[in-house]
Amino acid sequence: MKNITSVLLISTLAATTACTTMKTTENSTTEMPAPGANLAGNPFMKKSALQYQAPEFDKIKDEHFKPAFDYGMKVQIAEINQIANNPAAPTFENTIIPLENSGEVLKRAQLVFYNLTGSNTNPTLQKLEEEYAPIFSALSDKILLNEKLYARIKAIKTENLGSEEKRVLDLYMTNFEIAGANLSPENKAKVKKINEELATLSTQFSSKLLDARKNGALWITDVKELDGLSADEIAAAAADAKSAGKDGYLLTLQNTTQQPLLQNLKNRATREKLFKASWYRAEKGNADDTRNILEREAKLRMEKGHLMGKKSFAEWKLQDQMAKTPENAMNLLARLATPAVATAKRESDEIQKLIDQQKGGFTVEPWDWNFYAEQVRKAKYDLDENQIKPYFEVRAVLEKGVFFAAEKFYGITFKERNDLPVYHPDVKAYEVFDRDGKSLAIYYLDFYTRDNKNGGAWMSNFVEQSHLLNQKPVIVNVFNFQKPAEGKPSLISYDDVTTMFHEFGHTLHGLFADQKYISISGTNVPRDFVEFPSQINEFFALEPSVLKNYAIHYQTKQPMPQALVDKIKKASTFNQGYSTTELVSAATLDMNWHSVTDASQFKPTLEFEKDVLAKYGFNLKEVPPRYHTPYFAHIWGGGYSAGYYAYMWSDMLNADAWDWITTHGGMTRENGDRFRKYILSVGNSMDLNEAFKNFTGRNPDLKPLLRSKGFISQNSGTVELKIADNTIEQKDLKKK
C-alpha cells in the first residue's frame, strides 16, 4: 500500500480534506514571521545535513513537532498571501512555482511526523495528531479555497509553457475546482465545516482502531490450545504476552479479517476465538468501538459530495481517477465478482468434502477456511506452507530476492548504511545506486510488528524527489512481520514474500521519479494507478532466476528444490476464488458506503454491510470481506475512501503489462528500461491511460488478470478496457 494519508495533508494539490479553524484572513499581512526562541535547535527549521536530507532521527524529539507545525503554518500562510496579492500579472513563474516552494518547514516536519504516527507512535504523537488534523486541513482550505489565488491560476497563459508545466497547471486547476473553488461563499463555508469534522473523525478512527487491535489480541493460558503452531511461533506468542505484562501466550491481531496463524491452529475452539477476536475487535460497545465515528464520516462525505454538485461522495472523489466514475469502478468489480464467487463456492465444497471425510461433523466457517484450505492445497499440490517457510528468511528475501530482481531488471544496486540514524532499532537503512553507479536515494525498512504500529504494510517518503528543489528521494517501507524470538531466524510465509516485493514496487515508483515538480513526482498519481507498479513487482518473486537466488534454506543453505518450486507455481491459482472474493467484497462495501445519494439509505453499520453483501451476491458466510467495516482502516482512517477498488483496477493493469513483458522476452534489461521509462519515471506528468498505452501499445485487456486467477481458459477472447469511454467490453469469455 502506498501511504497517502500524509500526502493529503502535505501536498496542496492532493489536500482535498479541509476545515476552517484558522483565524487568518485572505488579506492577512504578507510579512514573513520571525522564528521564536523556542525554535532554536529545532531540527525541522533547516534542511537536514544528512545525505539527501534524510531525517536526523538522533536529534528529532516529540517536543519538536508542535513548534515546527505552528511556525511552519504561519510562514506558509504568509507565502500564500504574497502569491495571491502579487500585483504583477499572473505567470507560472510568479504563481505556481512559489506555490510548489511554499511551506518548506511544515512539509519537512509533517513528512516525518506522519511516518512516525503510523509506524512508531506514542500517546504524545497521538494527541498531536488529533489536535492538528483539523488545523492542517484548515491550512489546505486556506490554499484551495482562496479566491484570489484561484483567479491568478485561471489567468495564467499556457503559451510557451513546457509539457510538465502545462500538466502541473492543469492539475492545480482541477484540484482547486474539486476542492470547491467555484462554490458560492455560503457553500464554501459549509464545505469547510464538514472538512473540519471529517479531519478530526478520521484521526479519531485511526486512534481507536490502533487500540482495538492492541486490546483485541487473544490471550491464551494453556499451550495445548496452540497445538499446530511451530515452536518459534509459540515462543513469539510467549514473548508478546510477556511484553504485555501477562503470563501465557498472546496472539496479536493483524489488520485483516483472517489471521495468519489460523492455517496452522488445530484446536477449532482456538481458531474460532482468534477469528472472532479479529472480527469483533472494533464493535464491542466500548471505548474502541469505531461505528459511531464511521457512520458520521459516511454521512458527512455524502453531504460534501452534494455540496460539490455530485450525486454522491464517490462521484466527486473519482472524477480525477483513471476509472472516472463509480459506475466504471463497479463494472470492473462485477466482472471479477461473478467468477470469483463461483470459484469460491467450488473451493468451499472441496473444503466441506474434506471436513466430512475427516468426520468433522460441522459446516465450514470462516475460522476453518485457512486451516482446511491448507490441507486441500497439500492434497492437491502436495504443498505444505511449513515446507516453504524455511527457505524464506527475511533478510535473504530482501537482499537476494527483492534487491537482486531490481538489479537484474533495472540495474540498480544497494549498500547498507549503518551510519544513518533510525527511529527504531529494528529499522535498517540502505543507499541506492543507479545503473550508472551514481547515488540515487536513501531507503529504510521497518520489518516487525509492534503494538504502537498500524497494521498492514506501506511505503512512504521522508523526502520527495524534485529537480526544482534539488531533492532526491528518501523512502521507507514498513511491514508487520512477526518478530522472531531472540536468536531465532525471521522466517516468513510466501504471502509475506509477495508483500515485500509489492511494497518495494511502490519504492521503485518513488526511486525512479524524474520530475521537476513535487506535485506530479513519483507516487503522486491517482489511487487506481499507484498500486500498478507495486503489484507488477510481485511477479518477480517467482521469476526463476530470482527465486533460486533467494529461496535458500536457512539451515542447510541449499536452494529450494525444483520440485517444490513447481508445486508453488502449480498452486498459484489455488484459493483465488476466496482471495479475490474477499478483496472485491471489501471494495464493494467501500463503494456502496460512499455511493449513498440520500441520508435515508444509511443504516447501522452491521446492517448496512449485511445488506450490501447480499445485494451483490456475496452470500458465502465462510468467505468474509478482507476488511469488516468497523476496522476498514483504508477508507475511514486512510486516503482510500471510494478508492479501495483501485487495487483491482491496478491488478488489471499489472496483469496485462506482465503479459506484455513475458511475451517480449521476460526479465531483460531492455524491458526493465522500457517499464522505467514509460511507467515508473513519468509520475503524473501525463495522462496515465496514455502512459499505459505507450508501454503496451494497447488499452488494458482484462483477460490476463482473469486467466492468471484461473477464472477463464487459456483460449478466451479479448476482454478490453476502452479508456476513451471508460467502459469494459467483454467478448467471448469462456469460463473453466
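**Aromatic rings and their neighbours**

Phe44, Phe65, Phe69, Phe113, Tyr114, Tyr132 and Phe136 come together as one aromatic cluster. The model is predicted, so local features need pLDDT of at least 70 and side-chain atom pairs count only at pLDDT 80 or more, while totals for chains, interfaces and linings use all residues. Residues are numbered from 1 along each chain as its sequence is written, and side-chain values use heavy atoms, with hydrogens and water left out.

A pair of aromatic rings is described by the distance of the centres and the angle of the planes. Here, rings of Phe, Tyr and Trp (its six-membered ring) pair if their centres lie within 6.5 Å; planes under 30 degrees apart count as stacked, over 60 as edge-to-face and the rest as tilted. By this rule, the count is 57 aromatic pairs. One of them joins phenylalanine 44 and phenylalanine 65: the ring centres are 5.2 Å apart and the planes stand at 35°, so this pair is tilted. Both phenylalanine 44 and phenylalanine 65 are buried (under 20% relative accessible area, with exposed over 50% and partly exposed in between, for a 1.4 Å probe and protein chains only).

Phenylalanine 447 counts as buried because its relative accessibility is 2%, and tyrosine 448 counts as buried at 11%.

Rings also meet charges, where a charge sits over a ring if NZ of Lys or CZ of Arg is within 6 Å of the ring centre and within 35 degrees of the ring normal. The charged end of arginine 271 sits over the ring of phenylalanine 371, 4.3 Å from its centre. Likewise, arginine 281 lies over the face of tyrosine 631, 4.1 Å from the ring centre.
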